Amino acid sequence: MTTAVLLPSPLLPEVAYAPLADALGRCGWAASVARPPRAPAGPSPVLTAYASFVRERRPDVVVAHSNAGRYAVAVASGAPVVYVDAALPPEDGEAPLAPEGLLSRLASMVGSDGLLPPWTRWWPEEDLTAVLPDPDVLAGIRAVEARLPLAYFQARLGAPPGWTGSRQAYIAYGGTYAEELSVARRLGWPVAVLDGAGHLHHLVDPDGVGDAVVAMAAQLGVHQ
């Protein structure tokens, strides 16, 4: 049986990835979701938590969504990585955990305690419900999501030397991560684009995303 570890964005709780884990289970995989540290002030606690989880489970493939993509290849212990609408590490050196344009917006949202609103409160309600139309699923995420400090996004993180040559594939939900998709194509990775999908599409169509993950993993040599 193929085993997978799902790396959630540190901005979202594990519950936001349970439907995708279940969908992979219906594909005959055994998938588990790593637990991000709550409100990390920088990348070190996240790296430690994800690396420990991967070492314990020794998966055949690591699947990373959103901000978790910045950590995936560093913690994968040699397993191939499938990025799902995810950020990528810089090809050289280090970069902040949020792009400069987003950093300036986040700085305007931070509270007097140095914490940001929960991720689902960053966006106008109509924009959020466009990517996650199920109000019950949204309520479940909001009940447990954390507030992260602005310092987390200002911290810098790189990746292991030569990381772009590892076995990696990219699934894009539409054009949200157009730059990362372009990088993946330039590097010759297997790529799939789910047209019209929003950033939380694995909560809207988990079986479709699960099928795409299995297909991308197969192109990396991971088979059931």
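Modeller: Start with a term. Two strands pair if DSSP finds at least two bridges between them. Keep in mind that this is a predicted model.

Biologist: How do you know that β4 pairs with strand β7 (residues 168-173)?

Modeller: Count the bridges. Four bridges join β4 to β7. Pairing takes at least two. So the two strands pair, and they run parallel.

Biologist: What makes strand β3 (residues 61-66) a partner of β4?

Modeller: The test is again at least two bridges. Strand β3 and β4 have five bridges, in the parallel sense. So they pair as well. Look at Ser66: its bridge partner in β4 is Ala86.

Biologist: Why is strand β4 (residues 81-86) called largely enclosed?

Modeller: Buried means under 20% relative accessible area. Six of the six residues of β4 are buried. The strand is therefore largely enclosed by the rest of the structure.

Biologist: Now Gly114. Why is Gly114 called partly exposed?

Modeller: Its relative accessible area is 28%. Under 20% would be buried, and over 50% would be exposed. The value of 28% falls in between, so Gly114 is partly exposed.

Biologist: Where is Gly114 found, and which residues does Gly114 touch?

Modeller: Gly114 is in the loop between α4 (100-107) and α5 (125-131). Leaving out residues up to four places away in sequence, Gly114 touches Leu148, Pro149 and Leu150. Contact here means heavy atoms within 4.5 Å. Pro161 is 47 residues from Gly114 along the chain, and their C-alpha atoms are separated by 33 Å.

Biologist: Step back to the whole chain. How many helices and strands are there?

Modeller: Ten helices and eight strands.

Biologist: What makes the chain as compact as a globular protein of that length?

Modeller: Compare two values. The radius of gyration is 16 Å. The globule rule gives 17 Å for 224 residues. The two are close, so the chain is as compact as a globular protein of that length. The C-alpha atoms fill a box of roughly 50 × 40 × 35 Å along the principal axes.

Biologist: How much of the chain is buried?

Modeller: Buried residues make up 52% of the 224 residues.

Biologist: What do the contacts say about separation in sequence?

Modeller: Take contacts between residues at least 6 apart in sequence. Of these, 69% join residues at least 24 apart.

Key: Residues are numbered from 1 along each chain as its sequence is written. This is a predicted model: local features need pLDDT of at least 70, side-chain atom pairs count only at pLDDT 80 or more; totals for chains, interfaces and linings use all residues. Side-chain values use heavy atoms; hydrogens and water are left out. Buried means under 20% relative accessible area, exposed over 50%, partly exposed in between (1.4 Å probe, protein chains only). The radius of gyration is taken over C-alpha atoms; the globule rule is 2.2 Å times the number of residues to the power 0.38.
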